[in-house]
Amino acid sequence: MSKASKAVPRPRSGIPKPKPTINAVQKRRSAPPDGFVNNLDAVFQGQTDDDKYLTKRLIIHARKTGHLNLSGKGLATVPKRVWSLEEAEEELKKLDQTFLKSELDEQTEDDDGDVRWWERKALAVLDLSSNHIACVAPDVKNLEFLTTLDLHDNNLAVLPEEIGSLGRLEKLDISHNKLEKLPKAFYDLGELKSLSLAHNKIKELSEDLGNLYRLETIDASHNELSSLPLGIGFLTGLTKLDASHNHLTEVPPELSGLMGLTQLIFSHNELLSVPPLGELRKLQLLHLQDNCLETVPDVATCSALRELSLSANQIKEIPGEMLHHMGHLRVLNLRENKIELIPEEMTHLQGLVRLDLANNNIEDVPSCIGFLPQLQILSLEGNPLKKIRQDMLHCGSARLLRMLRGQSDPNQQSPRAQAKINLPRSEKPALPDKYRMRGSRALSLGMQGLQEVPDSLLEDAAEAEVESVDLCKNLLTSVPLRLPLLALTLTELNLSDNRLAAIPAGVLGACTKLHYIDLQQNALSTLPEDIAQLQYLREINIAYNKFTELPRALEAMPGLEIVNARDNKVSAVDAALLGTLPRLAVLDLTNNDINVVPPELGLLQLRSLGLEGNTFRIPRHEVLAKGTASVLSYLRDRIPAETLAALRASAAAAAGGVAGGLRADPPRQNSYTSHIVF
């Protein structure tokens, strides 16, 4: 039969063209242009056994997200086509756009949407962790857009020099391998921020480590390092350094220049000493347990330190003078040392939550330990204690602390008062001149043993336009009467830890620019009424005094946000007074004599509420332990329906009065009822 006889005549006008069958449509869509199949399947040519894990679906997902996850596949090698994904991408860009869309529709019928070549992302995250990979090919250099490479938990014994070509790499995890050294080109990774080398066999790090100046975290734990390179001092952005479980014998002094460090971990090494770390003002965690230290390192001026672990060393003494500056410490671990005496200066650790002194040579525990306000966990087992039965050590920390408080002599001065007597004194304190005060805008005379402040010094401070005055930890019995000389500029005043029993009128009230006042640890029971003039005051601290109620003058301070009245003798909470403070966010009434918590307190929009250590029975401890939000919700649920209705009506009336131009009582208008939660 001729070709002409097989030709299909064109349909005449008006006659619809027959609709192709579904099979015909699929056949037409599956007919690729020349070379397409070869280009797409090029990724899978020459597969090894491990190459089969790099499926088309994984490639399509990687192109859509920029992430390729081959973790836990049991791979012995990295699939070769991982290194050529970007090359395959370039080939696909050359294909017919219309056909590419239809083809990928079939391949990704279970995916969320189509993958168009102009929407594809370069490979940025590659996860090859938890496999059996023994080497990384030099072709890793092809992944020029990679920012994260995870190779942890493999069998790597060496890294290729080409890894230094990953100029955009920010995070590298090669922990849990068999590496003994790092290639020289490794130190060219100038964008690296996070580096994990843990659980390898690395014996040395190059001085070129300092080239990785963007590093923020280093985990070099569980290796065979005997020293750290001096170049580590150039890593000024470092916030965490873990070099635990190595063979280090010293901490490089250059670390003291890393001002941004927040965590420093050198546990399980062979350290004999540690250089002064006082410059690390942001350091929060310091672990030095399981070393050979004989003295406590100098961390007195690490003002942010919260956790200090020195267990399993050879320490014989706790330096009392250092404890004066560690009031913010929350965890102190000194177990398994050779300590014989607990110093009385331990009372300065007012924020301490956990104290571990187990397995030492302590015979006597001073009763002042029982008065640490935040202490919850006290470990003393394994000591030759003479006044504490061994069975008491297994009855819980709460009972142990209660017993220590019961051993105190009521006729003896309180530990806090005794601590004040032991403050370092100077016969002639070094007074700052006005030029120094002008530069810092501050008058700082804390811990000078002062009994009075010279008038001439306050005159110089006024001339220097001082904004902050710090007179804490002195022996002042009265507030300096010439303090109002600074009224135009003074915003912060610290008179904590003195011997103030009263504050005369006309002194604090005249400093109307004050934003912050610290009066804690004195003997105050009242405040002068004229402090109501402090309209800009945001925070007041009257903790550790003798107040039996919250000062009434507080209700005239609309900007007050933080009130700390813990460890006083407050017996009742005035919810109406607190309701006049529309910005109040933090209220601390811990360790007072409060018998009843008014349910109306739950109507306040507090971010933090401290009520522990009082005598009330409701709310119970289980409710308090759930946090502020749960306590406030619990209190709101206890408000009688009629009381809640009255408060709602009052709020509505106040709002209506304002809207209608009515004049209301200023102290109560838009105060208690305008910011409470119904």
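Predicted model: local features only at pLDDT ≥ 70, side-chain atom pairs only at ≥ 80, totals over all residues.
Ser244 sits in the loop between strand S7 (240-242) and strand S8 (263-265). Is Ser244 buried or exposed? Ser244 has a relative accessible area of 5%, so it counts as buried. Setting aside neighbours within four places in sequence, Ser244 touches Ala220, Ser221, His222, Ile265, Phe266, Ser267, His268 and Asn269.

**The cores**

Phe266 turns up again among the residues with the most contacts inside the largest nonpolar core, together with Leu68, Leu172, Leu241, Leu264 and Ile369. That core has 101 residues. Helix H4 (56-65), helix H7 (320-323) and helix H8 (397-406) each put at least two residues into it. There is also a second, separate core of 63 residues, with Ala461, Leu508, Ile540 and Leu577 among its members. In soluble globular proteins, nonpolar side chains tend to be buried together.

Leu241 gives a closer look at the 101-residue core. Not counting residues up to four places away in sequence, Leu241 is in contact with Ile218, Leu228, Ile232, Leu255, Leu261, Gln263, Leu264, Ile265 and Phe266.

Most residues other than glycine have a negative phi, and most peptide bonds are trans. Here are two non-glycine residues that go the other way on phi.

| Residue | Phi | Relative accessibility |
|---|---|---|
| Ala312 | near 55 degrees | 17%, buried |
| Glu465 | about 55 degrees | 39%, partly exposed |

Ala312 is in the loop between strand S10 (307-309) and H7, while Glu465 is in the loop between helix H11 (455-463) and strand S15 (468-470). Why does Ala312 count as buried? The cut-off for buried is under 20% relative accessible area, and Ala312 comes in at 17%, so it falls on the buried side. Glu465, at 39%, lands between the 20% and 50% limits and therefore counts as partly exposed.

Pro619 lies in the loop between strand S21 (608-610) and helix H13 (621-624). Its relative accessibility is 2%, so Pro619 is buried. Beyond the four places on either side in sequence, Pro619 is in contact with Val597, Leu624, Tyr634 and Leu635. Take Leu635: it is 16 residues from Pro619 in sequence, and the C-alpha atoms of the two are 7.9 Å apart.

**The second largest pocket**

What is the volume of the second largest pocket? It comes to about 170 Å³. The lining consists of Ala442, Leu443, Ser444, Ser468, Val469, Asp470, Glu492, Leu493, Asn494, Tyr516 and Asp518. By type, these residues split into five nonpolar, three polar and three charged. Strands do the supplying: strand S14 (442-444), S15, strand S16 (492-494) and strand S17 (516-518) each contribute at least two lining residues.

Terms used:
Residues numbered from 1 in each chain as written. Heavy atoms only, no water. Helix = DSSP H or I, 4+ residues; strand = E, 2+ residues; numbered from the N terminus. Buried < 20%, exposed > 50% of the residue type's maximum accessible area, 1.4 Å probe, protein only. Contact = heavy atoms within 4.5 Å. Core = buried A, V, L, I, M, F, W, Y, C linked by side-chain atoms within 4.5 Å. 1 Å grid on protein atoms, 1.4 Å probe; cavity = no way out; pocket = protein on both sides within 12 Å on 5 of 7 lines; lining within 4 Å. Points joined across faces, edges and corners; volume = space filled by probe spheres on them. Nonpolar A, V, L, I, M, F, W, Y, C, P; charged D, E, K, R; others polar.
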